[in-house]
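The sequence and structure come first, and the notes follow by topic.

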Amino acid sequence: SVGSVDGGGSVRRSKHFASVESDGNLGFGKIRAHKWTVEEQIEEGQHDLDPYLVPLLEKVGGTVPVLDSNVLTHAKQYGTLHVTGVKLWSALHSNDWHHREAAVRAMCEFLEAPLLDRYIDKTKKLFLASLATVHEASEDKVMSVYLLSLRLLQLIVGEKVCGEDVGLEETNGALYPFIAFLVEKVSEMNFRARDLSMHSLIQIHKNPKVKVGFLIDRILDITKEHRELKIAKQKWPMLLARLEILLHIVEEFGVDEQQWDWIYITEKLLKRCLQHRNVDIRLITIDVFIALYSKLGDPVREYAETRLKNLKPQLVRTILNKMQLVDMETQGS
């Protein structure tokens, strides 16, 4: 049956970590470890989040329906409810977007607060449960909920939550779906959401555990054979978004040739974009070339001089002239 969770209500105290077993000696007892049940762990998670969630639910009002036990099973099996508790997870799935917004905001505030003792040096469950929250919120049609999901994602990839016990492969495997999702979002949303999605992509890759190679692959997916349209006929917002992401990658992280080959991406994407009919596409492609030159130097100039001969001479001259400006700025500094 479906119950309900009111916005108000007192915060429940957690159960003790130990229980007393009487030894008949003047009422004193010996302490034995208490083995927590799944239900107790879920209740502890709810206790952790209530100080952040309850005031927000009180403010927006209304009643949050508790999800049916069958719906909660998946989150329970993966340990999500051990961290979030039932109340937050139910609010996240409410038909009222105010409740969903409150749930994500509460999770953000929880992660911004000092880590609880039980998560210090053991953040894996917190990391995965928080990502599960982002997964739900990032698909929300309400913009404020989506934007909060980006804020939450940025908190998750910081070293505080993505701690030492979250391994390299586990980090990348968990984040890959969000990276692919954000690449698509950058090309389809309004300017504010677009900029924040772009910022989130870059913030994710500031975590040294996260490899930029997968992001490069996602940028290049429009060059794959299974795509129906050639680069020249691709919709310009999709191309522009990927080129802007690539520009940010080069400017922020340089070129890690162990993860991606700049010549390959130039042949597959940049060279073709220089011939695109949209002037903005051509201009940002030139910017990417210049960013590559700033990081790599002569090999990029040699490429432009030898492999761009079949392009319009004026376009090639523009690229080479901009490279000269980079040299002048470098010498001046």
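A salt bridge here is a side-chain nitrogen of Lys or Arg within 4 Å of a carboxyl oxygen of Asp or Glu. By that criterion the structure holds 14 salt bridges. The model is a predicted one. Its protein chain has 14 helices and 4 strands.

**Overall chain**

- Of the 333 residues in the protein chain, 47% count as buried.
- Among contacts in the protein chain with a separation of 6 or more, 72% are between residues 24 or more positions apart.

**Salt bridge Arg-100 to Asp-140**

- Side chains of opposite charge can pair when their charged atoms come close.
- Arg-100 and Asp-140 form a salt bridge in which the closest N and O atoms are 2.5 Å apart.
- Arg-100 belongs to helix α4 and Asp-140 to the loop between α5 and α6, so this pair ties together parts that are 40 residues apart in sequence.
- Both partners are buried, Arg-100 as well as Asp-140.

**Salt bridge Glu-267 to Lys-271**

- Glu-267 and Lys-271 meet through their side chains in a salt bridge, with an N to O distance of 4.0 Å.
- The two residues are 4 apart in helix α11 (residues 262-273), so about one helical turn separates Glu-267 from Lys-271.
- Glu-267 has a relative accessible area of 29% and is therefore partly exposed.
- Lys-271 has a relative accessible area of 16%, under the 20% limit, and so counts as buried.

**Salt bridge network**

- Elsewhere, salt bridges with shared partners link Glu-184, Arg-218, Asp-221 and Arg-242 into one network.
- Within this group, the side chains of Arg-218 and Asp-221 meet in a salt bridge at 3.7 Å, N to O.
- Asp-221 is buried, because its relative accessible area is 9%.
- Arg-218 is partly exposed, because its relative accessible area is 26%.

**Packing of α6 against α8**

- Two packed helices are described by the angle between their axes and the distance between the axes.
- Helix α6 (residues 143-156) packs with helix α8 (residues 191-205) at an angle of about 15°, and the axes are 9 Å apart.
- Angles under 35 degrees count as roughly parallel, so α6 is roughly parallel to α8.
- The crossing in which α6 passes α8 is left-handed.
- On the α6 side, the residues that meet α8 are Met-143, Tyr-146, Leu-147, Leu-150, Leu-153 and Gln-154.
- On the α8 side, they are Arg-192, Ala-193, Leu-196, Ser-197, His-199, Ser-200, Gln-203 and Ile-204.
- The contact of α6 with α8 comprises 8 nonpolar, 5 polar and 1 charged residues.

- Leu-196 sits in helix α8.
- Its relative accessibility is 31%, so Leu-196 counts as partly exposed.
- Which residues does Leu-196 contact, leaving aside its neighbours within four places in sequence? They are Leu-147 and Leu-150.

**Packing of α11 against α13**

- Helix α11 packs with helix α13 (residues 298-307) at an angle of about 45°, and the axes are 12 Å apart.
- The two helices, α11 and α13, are therefore oblique to each other.
- The crossing in which α11 passes α13 is right-handed.
- From α11, the contact is made by Trp-262, Ile-263, Thr-266, Glu-267 and Lys-271.
- From α13, the contact is made by Pro-299, Val-300, Tyr-303 and Arg-307.
- By class, the contact of α11 with α13 has 5 nonpolar, 1 polar and 3 charged residues.

**Backbone at Asp-121**

- Most residues other than glycine have a negative phi.
- What is the phi of Asp-121? Asp-121 has a positive phi of about 65°, although it is not a glycine.
- Asp-121 is placed in the loop between α4 (97-112) and α5 (124-138).
- Is Asp-121 buried or exposed? Its relative accessibility is 66%, so Asp-121 counts as exposed.

How values were computed. Residues numbered from 1 in each chain as written. Predicted model: local features only at pLDDT ≥ 70, side-chain atom pairs only at ≥ 80, totals over all residues. Heavy atoms only, no water. Axes fitted to C-alpha atoms, helices over the stretch in contact; angles between N-to-C directions. Parallel < 35°, antiparallel > 145°, perpendicular 65-115°, else oblique. Left-handed = near helix turned anticlockwise from the far one by under 90°. Contact = heavy atoms within 4.5 Å. Nonpolar A, V, L, I, M, F, W, Y, C, P; charged D, E, K, R; others polar. Buried < 20%, exposed > 50% of the residue type's maximum accessible area, 1.4 Å probe, protein only.
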